[in-house]
Amino acid sequence: MVRWALVHPPYGEVFGPVSRTDHSEMPLGLAYIAAVLQTQGHEVYIVDAMGLNLSMDNVLALLEALGPDVVGATCPTPLVPWVQALFDEVRQRLPDALRVCGGPHPTARPEDLLPHVHACVIGEAEDTVIDVSRWAEGELRPASIPGLSVLRGGRAVSTGPRALVDPLDRLPFPARHLFPCDAYSFDYPGEDETYASVMTSRGCPHGCTFCATSLTFGRRVRYRSTDSVMDELRHLSREGVGFVFFFDDTFTLDTARTRALCRRIRDSGLGLRWACLARADRLDSDTLSVMHDAGCVEVQVGVESGDQRVLDTIGKGVKVDQLRHAFRNLRESGIRSKGFFIYGLPGETPESARRTTELALELDPDYAYFGVFVPFPGTASFSQCADNLLSSDWSDFCFFKEPVVVMDDISPEEVEAARRDAVRRFYFRPGKLLAHIPTFLASPRRALTAAEAAVALGWPGR
Ligand code: B12
Ligand code: SF4
């Protein structure tokens with residue numbers, strides 16, 4: 001039996017003031033790994049520094065008290081410096097513990113973490129962690145475990161690819177009972193029901209050049225059966241969950257499957273309210289109507305840009321007119337919409353940035369996120385931008401910070417100004433402010449953090 005401690009790093013201290021509008025989410029990846037390890041008879045402890053707002057010192061004190069055989073941490077790009085520092089301390093204080101890291105950044109650039117850990121787990125990890133436990137028990141050597149990257153002669157060396165989990169139904173449900181579930185909430189003012197995230201599929205067939213998801217899950221989509229999804233939803237409902245967020249990259253990719261699943265959810269009588277992520281080219285009114293009847297209250301759509309040339313440059317495969325249709329359909333279906341808009345994408349000019357803001361105002365989603373383009377390692381965009389980066393500090397690689405890349409036809413200052421202008425023009429309209437008053441009244445904390453975010457993003461007139 002191996003004793004694991006899995007760390008979810010805090011990103012509040014890394015992201016600055018705007019991050020305080022960030023809600024906490026259960027890290028589903030760690031929850032899946034924990035479930036697999038437990039079914040193998042291992043002990044698993046979760047140190048959710050994000051959910052519980054723990055400092056590095058708190059985390060280290062907990063780890064010392066737990067005395068784990070293996071310390072693992074998940075690592076998105078902006079958290080690299082924090083995770084590196086964590087493992088350096090772990091090496092000093094728990095010299096016998098095996099140190100492993102996984103998640104999007106080590107999957108793309110294990111060399112950044114390897115001097116600090118014994119191994120990076122590349123990509124999907126449910127099968128690999130079983131072998132890592134056997135390594136910790138002295139039964140396997142790392143070289144014989146596919147799916148790792150380890151240091152050999154000062155260089156990051158792959159131990160060979162690990163097959164993706166297929167079928168997904170063979171995975172246990174995420175070990176949510178190990179997490180501080182009360183710390184998690186859906187990111188919308190007033191949505192206060194007990195909340196859980198669920199994944200019904202993995203992988204996305206599209207090739208948007210800025211997106212890192214296929215590095216972990218590949219481009220072939222693997223679906224869970226509707227029976228398995230319904231079992232999980234029933235289990236969650238029994239546990240008191242009233243709101244679910246489907247984290248599938250595009251929940252409506254196969255609209256026939258989506259409708260079939262939604263009919264099962266509707267007929268189950270569970271009465272769940274839920275939200276999902278979707279692409280604009282997969283939001284027809286028939287599907288949305290079935291989704292609405294099944295309890296869907298919000299769909300989040302990556303609009304990215306209002307300029308067709310930019311959309312084509314980033315390989316989005318969506319037309320501006322499809323975006324218009326999608327948001328019209330959403331409004332007509334009675335489902336709330338969130339749009340994600342990115343400034344400074346490859347091919348951006350001051351004119352295309354203006355078009356993005358105009359489109360945001362025209363589509364008028366209920367809520368909009370305006371971020372700057374960040375090239376994440378392992379993506380096609382990162383290779384294109386590698387020579388034009390303004391920072392080598394990974395904690396700067398965040399949608400809500402200053403631009404980290406110099407583009408040919410627009411300066412970083414113009415990108416940032418366009419983003420701030422969009423926030424002002426979108427949110428500080430009488431209609432939008434009025435629309436948000438009830439939800440902010442329902443959550444004074446949100447009103448405060450939204451005000452802080454507005455100031456951080458340059459309102460009024462920074
Ligand atoms: C939901 C989500 C969020 C939520 C919740 C994040 C969370 N804490 O869980 C919110 C909105 C808060 C969020 C924030 C951000 N996100 Co996000 N997010 C997602 C999304 C859509 C799903 C995440 C998920 O649950 N996946 C399902 C689980 C099963 O997969 P997983 O986490 O990758 O875990 C598996 C493996 O990676 C591995 N693994 C992961 N951790 C570990 C640790 C160990 C020890 C081991 C052994 C293995 C291992 O094993 C797991 C099981 O196979 C993904 C896209 C995607 N498809 O994953 C983007 C994604 C992860 N996010 C991304 C980004 C960029 C961000 C932000 C940096 C955005 C920003 N502000 O700039 C922040 C980072 C904050 C943070 N700490 O995560 C990128 C990551 C790119 C990168 N290089 O970092 C992704 C891939 C989106 C994309 N299209 O590119 N995100
Ligand atoms: S941005 Fe969305 S549609 Fe594009 S590749 Fe990523 S997950 Fe797929």
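Predicted model: local features only at pLDDT ≥ 70, side-chain atom pairs only at ≥ 80, totals over all residues.

Visitor: Okay, how is the chain divided?

Guide: The chain is divided into domain 1, covering residues 3-158, and domain 2, covering residues 184-457. Taken over C-alpha atoms, the centres of domain 1 and domain 2 are separated by 27 Å.

Visitor: And which residues come nearest to ligand 1?

Guide: Gly29, Gly72, Thr74, Gly102 and Ala125 come nearest, out of the 41 residues around ligand 1. The elements that each give two or more residues to this shell are H2, E3, strand E4 (98-102), helix H5 (104-108) and helix H7 (213-217).

Visitor: Which element gives the most to that shell?

Guide: That is H2, which contributes five residues to the shell around ligand 1. As for the domains, the shell draws at least three residues from domain 1 and at least three from domain 2.

Visitor: What about the classes of residue around ligand 1?

Guide: The shell around ligand 1 divides into 28 nonpolar, nine polar and four charged residues.

Visitor: Then which residues surround ligand 2?

Guide: Ligand 2 is surrounded by Cys204, His206, Cys208, Cys211, Thr213, Asp249, Thr250, Arg279 and Gly302. By class, the shell around ligand 2 holds three nonpolar, four polar and two charged residues.

Visitor: Back to H2 for a moment. How far apart are its ends?

Guide: The end C-alpha atoms of helix H2, which runs over residues 28-39, are 17 Å apart, and this agrees with the 16 Å that its twelve residues should span at 1.5 Å a residue.

Visitor: Is H2 enclosed, or which of its residues are buried?

Guide: The buried residues of H2 are Gly29, Leu30, Ala31, Tyr32, Ile33, Ala34, Ala35, Val36 and Leu37. Because nine of the twelve residues of H2 are buried, the helix is largely enclosed by the rest of the structure.

Visitor: What covers them?

Guide: The cover over the buried residues of H2 includes strand E1 (3-8), strand E2 (43-48), strand E3 (70-74) and helix H6 (128-136).

Visitor: What follows H2?

Guide: H2 is followed by Gly41, whose phi is positive, near 90°, and Gly41 has its place in the loop between H2 and E2.

Visitor: Is Gly41 buried or exposed?

Guide: Gly41 counts as exposed, because it has 9 C-beta neighbours inside 10 Å. Gly41 and Val2 are 39 residues apart in sequence, while in space they are 8.2 Å apart, C-alpha to C-alpha.

Visitor: Let's switch to H15. Which of its residues are buried?

Guide: In H15, the buried residues are Val415, Ala418, Arg419, Ala422 and Val423. Seen down the axis of H15, these buried residues fall within an arc of 135°, so they line one face of the helix. An α-helix has 3.6 residues a turn, so residues three or four places apart point the same way.

Visitor: What do the buried residues of H15 pack against?

Guide: They pack against strand E14 (336-343), helix H13 (350-363) and strand E15 (367-372).

Visitor: And H10, which of its residues are buried?

Guide: In helix H10, which covers residues 285-293, Thr287, Leu288, Val290 and Met291 are buried. Seen down the axis of H10, its buried residues fall within an arc of 160°, so they line one face of the helix. The buried residues of H10 pack against helix H9 (255-268), strand E13 (296-304) and helix H12 (320-333), and just after H10 comes Gly295, with a positive phi of about 105°.

Visitor: Which residues have a positive phi although they are not glycine?

Guide: Among them are Asn53, with a positive phi of about 55°, and Asp364, with a positive phi of about 50°. Most residues other than glycine have a negative phi, and most peptide bonds are trans.

Visitor: Where is Asp364?

Guide: Asp364 lies in the loop between H13 and E15, and it counts as partly exposed because it has 17 C-beta neighbours inside 10 Å. Asn53 is found in the loop between E2 and helix H3 (56-66).

Visitor: You mentioned peptide bonds. Which residues does a cis peptide bond join?

Guide: A cis peptide bond joins Asp166 and Pro167, with omega at about 0°. Pro167 has its place in the loop between strand E7 (155-158) and strand E8 (195-198).

Methods: Residues numbered from 1 in each chain as written. Chains lettered and ligands numbered in written order. Helix = DSSP H or I, 4+ residues; strand = E, 2+ residues; numbered from the N terminus. Expected span 1.5 Å × (residues − 1). Buried ≥ 20, exposed ≤ 12 C-beta atoms within 10 Å, placed from the backbone. Contact = placed C-beta atoms within 7 Å. Near = placed C-beta within 6 Å. Nonpolar A, V, L, I, M, F, W, Y, C, P; charged D, E, K, R; others polar. Arc of directions from axis to C-beta. Domains from an automatic or database assignment.
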